[in-house]
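Dear colleague,

I am passing on the structure below, as you will be working with it from now on. Please look it over first, and then read the notes that follow it.

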Amino acid sequence: QMMLFGKVSQQMCGLKKLPWSCDSRYFWGWLNAVFNKVDYERIRDVGPDRAASEWLLRCGAMVRYHGQERWQKDYNHLPTGPLDKYKIQAIDATDSCIMSIGFDHMETSNICC
């Protein structure tokens, strides 16, 4: 068994590119598309700003709500309370995986200016 492992590891180390790396671009594209998919039922259930916040944070963006100074970065610490209390004022999408297929979240949101 050790000889087999040594042989396989030598072969893998000699590769410039891992055999599955060609598929990784497809996988990450697929995963980003899943994160960006608009869930109209969720928008109806929790409201447009909450649903848009969830989408943005899931994709790695940050959100700032009207009347608050700090940026919301952590999906797991989204504020709770009345659904109409937290209105999105600003978005920082630097280095996020936001795709145009998710833009319908923005059309339904009441983003403050």
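The protein chain holds five helices and two strands, and these elements follow one another from the N terminus in the order α-α-α-α-β-β-α. Please keep in mind that this is a predicted model. Of the 113 residues in the protein chain, 25% count as buried, and the accessible surface comes to about 8,300 Å², with 58% of that area belonging to carbon and sulfur atoms. Among the contacts between residues at least 6 apart in sequence, 56% join residues that are at least 24 apart.

Helix 4, which spans residues 48-58, is mostly covered, with eight of its 11 residues buried; among them are Ala-51, Ala-52, Trp-55, Leu-56 and Leu-57, as well as Asp-49 and Glu-54. After helix 4 comes Gly-60, which has a positive phi near 95°.

Strand 1 (residues 62-65) runs antiparallel to strand 2 (residues 88-92), and four bridges join the two. Within this pairing, Met-62 stands opposite Asp-92 of strand 2. Val-63 and Tyr-65 make up the covered face of strand 1, whereas Met-62 and Arg-64 lie on its uncovered face. In a regular strand, side chains alternate between the two faces of the sheet.

Trp-30 is located in helix 2, which covers residues 21-36, and Trp-30 counts as partly exposed because its relative accessibility is 45%.

With best wishes

Key:
Residues numbered from 1 in each chain as written. Predicted model: local features only at pLDDT ≥ 70, side-chain atom pairs only at ≥ 80, totals over all residues. Heavy atoms only, no water. Buried < 20%, exposed > 50% of the residue type's maximum accessible area, 1.4 Å probe, protein only. Pairing = 2+ DSSP bridges. Contact = heavy atoms within 4.5 Å. Areas by Shrake-Rupley, 256 points an atom, 1.4 Å probe, with all protein chains shown as cover.
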